[in-house]
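Open the model in your viewer and keep the selection panel handy. The tour goes stop by stop.

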Amino acid sequence: MAMLDACANPDLITEITLQPVRRYGVDAAILFSDIVVPLRAVGIDVDIRPGVGPVIDQPIRDESDLVRLRDLEPPSVSFITEAVRALVGELGGTPLIGFAGGPFTLACYLVDGGPSKSFDRTKSLMYGNPALWRLLLDRLADITISFLQVQIAAGVSAVQLFDSWAGIVSPEDYRRSVLPFSSRIFTALEASGVPRIHFGVGTGELLGLLSEAGADVVGVDWRVPLDEAVPRVAPGRALQGNLDPAVLLAPWPVIEQRAREVLARGRTAEGHVFNLGHGVLPETDPDVLARLTDLVHAVPV
């Protein structure tokens, strides 16, 4: 079954989301989905190609293309509502974390048409046509807000905004061309009372700006030690992270040492959610994940 078809099947969403909780006893479940699910729901012809990633057949290149980004209506993602409600019942007291892609990252795929090392077309549009850029990101912010509100209404315990590619822009450009749209999302969700997490990759120079967007928790990838991240973020923010996923391919003594270092550095933050600095690498031994979970649970808070 294709990835996006699986992401639209409530039974598969439920089963795949539950598997890590059953196998490893982690403290929270993360909804099985993908950041391009809402794009497909609003009519964008997008596919996730194995070994490639999200591919857009007709990229957004001018204002006339924006008509293809219609409003996201809850019935178009009813499979999310159904899956979340089922998961809340199955999980009992274990929290369920929902998520969505940040407007900047969604724009990267929409404008470039697929994965890229530098997303030059996207940045060119951001620099050269700021009016169109604002229209595009406003539309994407609206779609993201609606998608996260559907998840919250169905019962998720927290939501995370993944702005995976935000690290490719400078702090000045982030403040001017990205931050306003992320901030609008977090502001729209504030009244729900659900904790909000903000994460990007390669965002060491942007951590302060990410914390300004309004989330309660700022994700930190493995490039910045947590105790160095603390003074970069606004007061009152917890940190999430940040073991390098590649460490899990090393011998266990190395993994244990690095995990303990992350936990120790995390104690300097106002709150710390232990996590990897990005996703699990496909070649990771599942037994190592189980040992890591047990280690983190065994270390005194």
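Start with Arg-22 and Glu-15. Their side chains form a salt bridge, with the closest N and O atoms 2.8 Å apart. This is a predicted model. Colour by accessibility: Arg-22 is exposed at 52% relative accessible area, while Glu-15 is partly exposed at 31%.

Next, select Arg-49 and Asp-57. They form a salt bridge too, the closest N and O atoms lying 3.6 Å apart. Arg-49 is partly exposed at 38% relative accessibility. Asp-57 is partly exposed as well, at 45%.

Move to helix H8, residues 171–177. Here Asp-173 and Arg-176 meet in a salt bridge of 2.7 Å, N to O. The two sit 3 residues apart in H8, so about one helical turn separates them. Is Asp-173 buried or exposed? Asp-173 is buried, with 10% relative accessible area. The model's count comes to 13 salt bridges.

Now show helices H2 (10–24) and H4 (78–91). They pack at about 35°, axes 8 Å apart, in a right-handed crossing. Display the contact side chains, including Ile-13 and Leu-18 in H2 and Phe-79 and Leu-87 in H4. By class, this contact has 10 nonpolar, 2 polar and 2 charged residues.

Finish on the sheet. Its 7 strands run E1-E4-E5-E6-E7-E8-E9, open and with parallel pairing. E1 (29–30) and E9 (272–276) are the edges; each has a single partner strand, so one side of each lacks a neighbour in the sheet. Zoom in on E7 (217–219) and E8 (238–243), paired over 3 bridges. Gly-219 stands opposite Gln-240 in E8. Last, select helix H9 (179–189): H9 lies across E5 and E6, at about 165° to E6.

Conventions:
Residues are numbered from 1 along each chain as its sequence is written. This is a predicted model: local features need pLDDT of at least 70, side-chain atom pairs count only at pLDDT 80 or more; totals for chains, interfaces and linings use all residues. Side-chain values use heavy atoms; hydrogens and water are left out. Two strands pair if DSSP finds at least two bridges between them. Helices (H or I, at least four residues) and strands (E, at least two) are DSSP runs, numbered from the N terminus. Contact means heavy atoms within 4.5 Å. Axes are lines fitted to C-alpha atoms, for helices over the stretch in contact, and angles run from 0 to 180 degrees between N-to-C directions. A crossing is left-handed if the near helix is turned anticlockwise from the far one by less than a right angle, and right-handed if clockwise. Ala, Val, Leu, Ile, Met, Phe, Trp, Tyr, Cys and Pro count as nonpolar, Asp, Glu, Lys and Arg as charged, and the others, Gly among them, as polar. A salt bridge is a side-chain nitrogen of Lys or Arg within 4 Å of a carboxyl oxygen of Asp or Glu. Buried means under 20% relative accessible area, exposed over 50%, partly exposed in between (1.4 Å probe, protein chains only).
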